[in-house]
Amino acid sequence: MQRPDMSVAIAGIEMRNPVMTASGTFGYGAEFADYLDLESIGAMITKGLSLKPKAGNPTPRIVETSGGMLNAIGLQNVGIDAFIEQKLPYLKNVNTPVIANLYGNTLEEYGEVASRLDGLAGVAGIEVNISCPNVKQGGIVFGTDPSAAQEVVSLVKKNTSKPLIVKLSPNVTDVVVMAKACADAGADALSLINTLTGMAIDLERRRPVLANVTGGLSGPAIKPVALRMVWQVAKAVSLPIIGIGGIMTGRDALEFMLAGATAVQVGTASFLDPSAAQRIAREMEEYLVEHGIASVRSLIGALEV
């Protein structure tokens with residue numbers, strides 16, 4: 001049997017395989033070059049970029065939990081200008097699509113960062129993190145209110161010609177409602193899920209472990225929730241879906257594809273194994289070879305219910 005066809009496309013972004021790196025877990029790409037071949041994976045997604053540099057939250061801001069990790073990094077990043085000047089030149093020399101993740105605390109910030117990225121060579125697409133509070137509207141999180149999410153997506157869409165991926169929060173009553181709102185506003189693809197809100201307590205000190213009290217739960221503990229949400233959203237919208245949540249092995253990734261995902265993102269696994277994304281892509285291919293499957297695309301949404 002010939003090697004299986006592992007290629008997929010997300011909103012026109014052609015990838016050699018379905019494995020992407022999740023925002024916030026892979027730096028700006030160069031940090032992982034000593035641990036894996038950056039040209040062995042499907043795409044790299046940057047840390048969330050904001051209009052101005054951000055220092056993030058005070059420490060401690062990461063804690064290991066049963067089956068996962070809580071983080072309250074606070075979206076620390078170098079800012080859009082430093083990314084363009086200092087990080088992008090390196091990425092342009094890597095033959096792997098780069099997707100810039102962005103966020104803002106106001107509509108205007110989202111629009112401004114999107115416009116700065118538009119037209120940049122070396123950026124194949126944009127992923128929008130809508131799990132942020134709107135400081136001008138009493139702190140309501142863009143990603144938990146359908147009308148607020150639509151506003152953000154519509155504005156970003158107006159400010160970029162690049163493929164637009166919207167990253168959905170699981171901390172909502174009905175993720176399908178949010179998915180449809182983003183689709184109606186012009187999203188080209190959806191990625192889900194972002195982290196679940198959680199906390200950890202130090203019993204001896206009787207204090208929260210994280211300085212921020214709460215944080216985002218990721219890792220294997222959230223995989224069943226993520227699978228369910230990907231399956232629900234894939235049935236409800238016609239956009240390509242990127243599955244995220246607790247993917248540690250190639251088999252995990254293929255489960256997300258059966259549920260309806262076209263591609264996946266590897267996040268927490270990279271903290272345990274810096275070469276995880278490359279390994280997972282290899283394990284996916286090995287599964288296809290073992291089962292005589294010619295193309296990974298044939299598994300997308302092939303779950304029998």
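Select L117 first: leaving out residues up to four places away in sequence, this leucine touches I80, F83, A100, L102, I126 and K162, where contact means heavy atoms within 4.5 Å. The model is predicted, and local features need pLDDT of at least 70, side-chain atom pairs count only at pLDDT 80 or more, while totals for chains, interfaces and linings use all residues. Residues are numbered from 1 along each chain as its sequence is written, and side-chain values use heavy atoms, with hydrogens and water left out.

**Helix α2**

L117 belongs to helix α2; helices (H or I, at least four residues) and strands (E, at least two) are DSSP runs, numbered from the N terminus. With a relative accessible area of 0%, L117 is buried. Buried here means under 20% relative accessible area, exposed over 50%, and partly exposed in between (1.4 Å probe, protein chains only).

Next, select the whole of α2, residues 107-117, and colour its buried residues: L107, Y110, G111, V113, A114 and L117. Because they cover an arc of only 165° around the axis, they lie on the same side of α2; the arc is that of the directions from the helix axis to the C-beta atoms. Elements that cover these buried residues include α1 (80-91), β7 (98-102), β8 and α3. After α2 comes G119, which has a positive phi, near 85°.

**T46**

From L117, move to T46: the two are 71 residues apart in sequence and 12 Å apart in space, C-alpha to C-alpha. T46 is found in the loop between β4 (44-45) and β5 (62-65). It counts as buried because its relative accessibility is 2%. Show the side chain of T46, which reaches the backbone nitrogen of N101 at 3.0 Å. Neighbours within four places in sequence aside, the contacts of T46 are S23, G24, G27, Y28, F83, V98, I99, A100 and N101.

**C132**

Which residue does the UniProt annotation "active site" cover? In the unreviewed entry, that annotation covers C132; UniProt positions are given in the numbering used here, feature names are shortened, and annotations may be inferred rather than shown by experiment. C132 lies in the loop between β8 (125-129) and α3 (146-158). Is C132 buried or exposed? Its relative accessible area is 1%, so C132 is buried. Residues up to four places away in sequence not counted, C132 touches L75, Y103, G104, N105, Y110, I140, V141 and F142.

**N194**

Select N194 in the loop between β10 (189-192) and β11. This asparagine is buried, with a relative accessible area of 12%. A polar contact of 3.4 Å joins its side chain to that of N129. Such a contact is a pair of N or O atoms within 3.5 Å; within protein, one must be able to donate a hydrogen and the other to accept it, and residues adjacent in sequence count only if both atoms are side-chain atoms. N194 touches N129, S131, K167, L168, S169 and P170, again not counting residues up to four places away in sequence.

**The four-stranded sheet**

Finally, display the open sheet of four strands, ordered β5-β6-β14-β11 with antiparallel pairing. Its edge strands, β5 and β11 (196-199), each pair on one side only; two strands pair if DSSP finds at least two bridges between them. On average, neighbouring strands of this sheet are turned by 40° against each other, direction ignored. Zoom in on β11 and β14 (residues 214-218), antiparallel strands joined by four bridges. Within β14, L217 is the bridge partner of L196.

Definitions and conventions:
Axes fitted to C-alpha atoms, helices over the stretch in contact; angles between N-to-C directions.
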